Amino acid sequence: MAKRTFSNLETFLIFLLVMMTAITVALLSLLFITSGTIENHKDSGGHLFSTTPNPPATQGSTVTQSSTATQRSTATQSSTATQTSPVTSTPEPPLFQNFSGYYIGVGRADCTGQVADINLMGYSKSGQNAQGILTRLYSRAFIMAEPDGSNRTVFVSIDIGMVSQRLRLEVLIRLQSKYGSLYRRDNVILSGTHTHSGPAGYFQYTVFVIASEGFSNRTFQHMVTGILKSIDIAHTNMKPGKIFINKGNVDGVQINRSPYSYLQNPQSERARYSSNTDKEMVVLKMVDLNGDDLGLISWFAIHPVSMNNSNHLVNSDNVGYASYLLEQEKNKGYLPGQGPFVAAFASSNLGDVSPNILGPRCINTGESCDNANSTCPIGGSNMCIAKGPGQDMFDSTQIIGRAMYQRAKAKTCKPALGYSFAAGTIDGVGGLNFTQGKTEGDPFWDTIRDQILGKPSEEIKECHKPKPILLHTGELSKPHPWHPDIVDVQIITLGSLAITAIPGEFTTMSGRRLREAVQAEFASHGMQNMTVVISGLCNVYTHYITTYEEYQAQRYEAASTIYGPHTLSAYIQLFRNLAKAIATDTVANLSRGPEPPFFQQLMVPLISNIVDRAPIGRTFGDVLQPAKPEYRVGEVAEVIFVGANPKNSAQNETHQTFLTVEKYEATSTSWQIVCNDASWETRFYWHKGLLGLSNATVEWHIPDTAQPGIYRIRYFGHNRKQDILKPAVILSFEGTSPAFEVVTT
């Protein structure tokens with residue numbers, strides 16, 4: 001390739017861009033307190049448990065025992081890794097005795113956090129800030145233990161983009177403070193569902209802090225509190241029961257979004273599978289000794305990106321909708337987010353799997369852009385977007401979520417980011433005109449990087465080949481490290497089920513290889529016919545993990561495999577070690593390994609807090625636009641209120657919802673709540689104005705099941721007030737619409 005030279009104009013533009021970027025970076029750095037204070041937190045040991053129900057469905061199997069193993073490795077270019085062992089302690093006194101099964105506890109708690117003035121985590125799209133709420137986000141916890149209280153296991157599925165290392169460390173610290181050695185890093189798995197419509201701001205490594213536009217302690221604390229509350233509820237609710245494992249295929253809801261990368265895998269390996277995605281769903285069903293349902297965990301490989309990057313409403317996407325449907329079915333008479341039955345649709349090896357099954361098309365011409373670079377003839381990669389099966393993203397979310405719900409309820413190297421990382425995917429393109437499949441760098445962007453961040457070393461460039469290095473994050477440490485270099489890997493077994501806690505997004509074939517390797521390791525040591533589940537986005541986030549062959553194509557997933565082309569091989573080695581330790585009962589011999597850092601000072605949010613103001617002559621909660629006097633089912637009732645910033649409510653417990661839809665009951669002369677902001681048929685939009693002014697719009701998409709009668713809509717919020725020379729205070733308020741009638745058609 002001939003060496004490129006720059007014209008005077010290009011040289012001037014590069015200089016100008018470098019200066020502007022350098023000033024921006026300097027200003028961002030001022031927002032950090034770079035004292036470098038780091039605390040290492042150690043956890044101690046504890047115990048575990050399990051269950052089994054009424055006659056199992058076809059293909060179902062009963063779980064009979066449990067075990068855990070954790071490994072902490074240093075994520076460097078070396079192939080060596082250290083391991084960590086669980087610390088044991090005296091089991092709690094048995095709760096019940098003389099029954100065959102497990103102790104089971106399930107719990108659910110709100111972890112929504114901010115729904116305004118914060119980035120949504122997932123698409124890395126500048127300007128995609130939260131501006132309201134479609135559904136609430138929940139933490140769903142499941143605890144299982146032996147009848148004598150020993151061998152305790154905790155699995156938590158959380159409606160967030162991914163679990164950050166800081167989030168896990170804080171949860172473990174607080175669990176140790178409350179429960180001692182009962183719940184520890186070796187028997188607790190935290191897994192993100194990977195919704196791309198949840199708030200950001202809860203990370204400590206620089207790449208994610210910048211993507212989040214700062215660290216939001218308000219959202220971080222709300223997430224931690226919600227996770228802990230769900231575990232507390234599950235702990236309190238533990239009772240004897242049984243667990244069943246079920247498997248079945250889900251068809252028509254997913255495509256491989258990087259088929260050209262998948263084709264790089266050996267043909268002999270691909271020939272063993274009927275599809276380039278994993279269609280199997282694994283379900284763990286929990287019931288009490290009377291056969292009554294307690295909860296369910298489903299693992300299925302699909303990206304929760306039915307809600308695209310034009311969305312500004314906080315929500316849990318397709319997997320959250322599946323949870324919503326199943327919990328509503330089981331918890332009759334309860335509002336969403338309430339009731340004893342808990343259903344989690346957890347992430348799996350979803351790295352290259354999209355729910356947008358109509359495939360990528362050029363939005364300006366309508367023609368297919370299903371090519372190696374995901375580009376369009378006119379407009380390039382920015383025009384290439386995949387769409388789901390519905391009329392819009394709301395409809396697609398429901399279609400995909402309902403399909404999963406229906407199947408689940410049936411009886412069945414150093415880090416570095418490549419150029420294609422900046423291109424995004426067909427589910428959400430990047431903001432700049434990068435394309436996927438780049439195996440060569442660009443002199444323009446290389447110059448910008450070198451001037452601002454310094455040149456990547458020859459060592460890291462050589463290790464990551466054929467990836468061209470855009471950001472050599474493993475060699476950047478100011479103001480804090482840009483990516484984690486200490487990573488937890490973990491396996492928890494429940495009878496014949498092995499849950500592998502994956503700290504990232506495995507592609508389809510990567511997940512298949514890991515499953516086979518772990519199954520083979522168990523079998524070679526006498527544990528035959530193990531069902532191995534890939535539980536993705538657990539404990540710490542390390543982007544994607546592709547196969548070595550997929551890495552060569554350098555599409556988005558490969559460019560985001562931050563530890564280089566042999567990342568998967570390293571993970572397979574580590575997980576085989578854990579499987580062997582469990583099978584040979586030598587978990588206690590694993591070394592503890594290094595502790596991850598816990599940074600004390602992080603960048604403050606870029607969006608500052610300002611005082612809320614109401615228009616002259618108005619107060620917060622006043623109705624600006626009432627609903628119409630009459631509606632029919634299928635129509636949308638809409639009310640606009642004088643609003644205040646919803647982020648004020650994230651740290652205030654006065655109200656548990658931003659809205660309610662209430663029906664007047666003549667027999668009791670009272671208003672009864674029929675839905676809230678966790679209900680799918682409601683939408684809460686916040687419209688930010690100037691100088692602290694804002695409006696709140698509440699929509700109720702009246703369902704076919706709505707009963708005729710008199711209704712009203714209520715809005716609950718908090719406004720920030722600050723008088724001169726006095727600290728700011730947060731005040732609660734509420735507003736109520738005039739009544740309106742819903743009639744039959």
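Select Glu-516 to begin: its relative accessibility of 33% makes it partly exposed. This is a predicted model.

Next, select Arg-714 and Glu-662. They also form a salt bridge, and here the closest N and O atoms are 3.6 Å apart. The pair ties together distant parts of the chain, 52 residues apart: Arg-714 sits in strand β36 (residues 709–721) and Glu-662 in strand β32 (residues 659–665). Arg-714 has a relative accessible area of 17%, so it is buried, the cut-off being under 20%. Glu-662 is buried as well, at 4% relative accessibility.

For a network, select Arg-108, Arg-140, Asp-159 and Glu-327, which are joined by salt bridges that share partners. Then go to Asp-677 and Arg-136, whose side chains meet in a salt bridge at 2.8 Å, N to O. Both of these residues are buried. Over the whole structure, a search finds 27 salt bridges.

Turn now to the nonpolar residues. The largest nonpolar core has 79 residues, and Tyr-183, Phe-684, Trp-700, Ile-713 and Phe-740 have the most contacts inside it. Colour helix α4 (residues 217–236), which gives the most to this core, with 7 residues. The core lies between domain 1 (102–350 + 489–541) and domain 2 (622–743), because both give residues to it.

Zoom in on Tyr-183: leaving aside residues up to four places away in sequence, it touches Ile-143, Arg-152, Val-154, Leu-175, Val-188, His-235 and Met-238. Finally, select Ala-498, Phe-522, Leu-568 and Leu-590, which are among the 31 residues of a second, separate core.

Terms used:
Residues numbered from 1 in each chain as written. Predicted model: local features only at pLDDT ≥ 70, side-chain atom pairs only at ≥ 80, totals over all residues. Heavy atoms only, no water. Core = buried A, V, L, I, M, F, W, Y, C linked by side-chain atoms within 4.5 Å. Buried < 20%, exposed > 50% of the residue type's maximum accessible area, 1.4 Å probe, protein only. Helix = DSSP H or I, 4+ residues; strand = E, 2+ residues; numbered from the N terminus. Domains from an automatic or database assignment. Contact = heavy atoms within 4.5 Å. Salt bridge = Lys/Arg side-chain N within 4 Å of Asp/Glu carboxyl O.
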